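I wrote things down in the order I looked them up.

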Amino acid sequence: MRAFEVSGDPGVPVVPVERPVPVPAAGQLLVRVKAAALNARDRLIVSGTYSAPVPPGRVPVSDGAGVVAAVGDGVSRFRAGDRVMSSFHPDWLYGPFPGWGELYGVQRDGWLTEYIAVDEQSVVGVPDHLSYEEAATLPCAALTAWSAVSGIGPGDTLLVQGSGGVSVFALQFARLAGARVLATTSSAEKARRLKALGASDVVDYARTPEWGARVRALADGRGVDLVVEIGGAGTIAQSVDALADGGRISLVGNLASGGGMDLTRFFRRGAALRTVVVGSRSDFERMNRVIGRHRLRPVIDRVFPFAAAPEAFSYFEKGAGMGKVVIGR
């Protein structure tokens with residue numbers, strides 16, 4: 001079978017290799033991978049800048065969907081022919097966050113491969129209305145967004161940053177919950193598409209560097225109840241300015257360089273800051289029931305063929321698209 005490994009060369013993110021098809025052990029499934037989706041962490045892994053060491057020759061990508069090709073002894077949750085997708089945390093089934101265990105693309109080989117053997121407990125079923133390409137977008141970005149907007153409902157106002165996978169899913173989930181959503185972007189075309197998805201207002205952060213004050217004004221002068229924080233140190237000061245007194249910030253990324261925030265201003269807001277670490281398998285299954293009930297469809301920017309995985313990473317690195325970048329078969 002063919003898989004892609006981290007090359008260790010920044011100019012060539014992944015390289016194809018031939019490997020034997022794995023044999024599922026007791027309690028495992030052999031999944032024929034139909035699609036995989038890229039996240040910001042995958043870019044860091046293949047560029048050698050991830051926060052944890054990545055062994056040479058590791059197969060990257062945490063998010064994938066496929067069909068069960070065979071089952072090992074004792075498997076009871078799935079059978080051959082079932083459609084499944086990965087859980088971002090393979091060992092976090094339910095309950096509070098247990099700490100960072102083994103993750104795909106770091107301690108374990110990931111889903112950028114034709115076949116993968118995984119524990120039956122570490123995958124979930126695919127909502128019936130979704131394609132494999134759509135399902136592959138859910139394990140990290142969608143569940144992160146779902147966890148980030150938890151508690152939002154009618155009468156609440158939310159701010160999302162940019163038009164990446166997490167932000168778009170957060171917009172979709174918040175609108176399903178009846179909340180008002182504001183967004184930031186630097187692209188007029190993306191602003192149009194964000195409004196089409198339900199954003200009431202979009203602020204151009206390039207033209208308005210002090211966008212926090214502008215967001216606060218648009219949110220009836222009181223600020224937003226929740227910020228889904230993607231930029232981290234580089235944007236959180238503006239997020240505090242955008243936040244209502246007693247509001248919340250869900251920290252899901254740290255993608256923008258910067259000096260951080262003034263803790264005194266944060267304190268005076270009476271605000272809460274919570275780190276979001278995706279979610280458990282139980283959270284994932286709960287989210288998928290809502291996705292299925294509302295027939296929600298992920299926003300996919302572009303699908304690359306499996307053989308063009310290096311090009312998919314290069315395209316993703318540019319950040320020019322909106323929604324998810326997927327590698328299909």
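**Entry 1: the cavity**

Which residues line the largest cavity? Before I answer that, a reminder to myself: this is a predicted model. I ran a search over the whole structure, and one cavity of 30 Å³ or more turned up. Rolling a probe the size of a water molecule over the atoms is how empty space shows up. The volume of the largest cavity came out at about 40 Å³.

Now the lining. I wrote down Val33, Lys34, Ala35 and Ala36, then Trp111, Leu112 and Thr113, and finally Phe306, Ile327 and Arg329. Which strand gives the largest share of that lining? It's strand S3, residues 28–37, with four residues. I also sorted the lining by class and got seven nonpolar residues, one polar and two charged.

**Entry 2: H3 and H4**

Next I went to the helices. I began with H3 (residues 138–148) and H4 (residues 165–176). Their axes are 8 Å apart, and the packing angle is about 50 degrees. Because of that angle, H3 counts as oblique to H4. I looked up the handedness too, and this crossing is right-handed.

Who meets whom here? From H3 I listed Leu138, Ala141, Ala142, Thr144, Ala145 and Trp146, and across from them in H4 are Gly165, Val166, Phe169, Ala170 and Phe173. By class, this contact has nine nonpolar residues, two polar ones and no charged ones.

**Entry 3: H3 again, now with H9**

H3 also packs with helix H9, residues 281–294. I got an angle of about 85 degrees here, with the axes 10 Å apart. H3 and H9 are therefore roughly perpendicular to each other.

On the H3 side, the residues in contact are Leu138, Pro139, Ala142, Leu143 and Trp146. On the H9 side I noted Asp283, Phe284, Arg286, Met287, Asn288, Val290 and Ile291.

**Entry 4: H1 and H10**

One more helix pair: H1 (residues 40–47) and H10 (residues 309–318). Their axes come within 10 Å and cross at roughly 115 degrees. So H1 is roughly perpendicular to H10. The crossing of H1 and H10 is left-handed.

Which residues in H1 meet H10? I found Ala40, Asp42, Arg43 and Val46, and their partners in H10 are Phe313, Phe316 and Glu317.

**Entry 5: glycine 321**

Where does glycine 321 lie? I found glycine 321 in the loop between H10 and strand S15 (324–328). Leaving out residues up to four places away in sequence, glycine 321 touches Ser163, Lys190, Asp301 and Tyr315.

Note on methods. Residues are numbered from 1 along each chain as its sequence is written. This is a predicted model: local features need pLDDT of at least 70, side-chain atom pairs count only at pLDDT 80 or more; totals for chains, interfaces and linings use all residues. Side-chain values use heavy atoms; hydrogens and water are left out. Axes are lines fitted to C-alpha atoms, for helices over the stretch in contact, and angles run from 0 to 180 degrees between N-to-C directions. Helices (H or I, at least four residues) and strands (E, at least two) are DSSP runs, numbered from the N terminus. Angles under 35 degrees count as roughly parallel, over 145 as roughly antiparallel, 65 to 115 as roughly perpendicular and the rest as oblique. A crossing is left-handed if the near helix is turned anticlockwise from the far one by less than a right angle, and right-handed if clockwise. Contact means heavy atoms within 4.5 Å. On a 1 Å grid over the protein atoms alone, a cavity is a set of points where a 1.4 Å probe fits but cannot get out, and a pocket is an open set with protein on both sides within 12 Å along at least five of seven lines; lining residues have an atom within 4 Å of a point. Grid points are joined across faces, edges and corners, and a volume is the space filled by probe spheres set on the points. Ala, Val, Leu, Ile, Met, Phe, Trp, Tyr, Cys and Pro count as nonpolar, Asp, Glu, Lys and Arg as charged, and the others, Gly among them, as polar.
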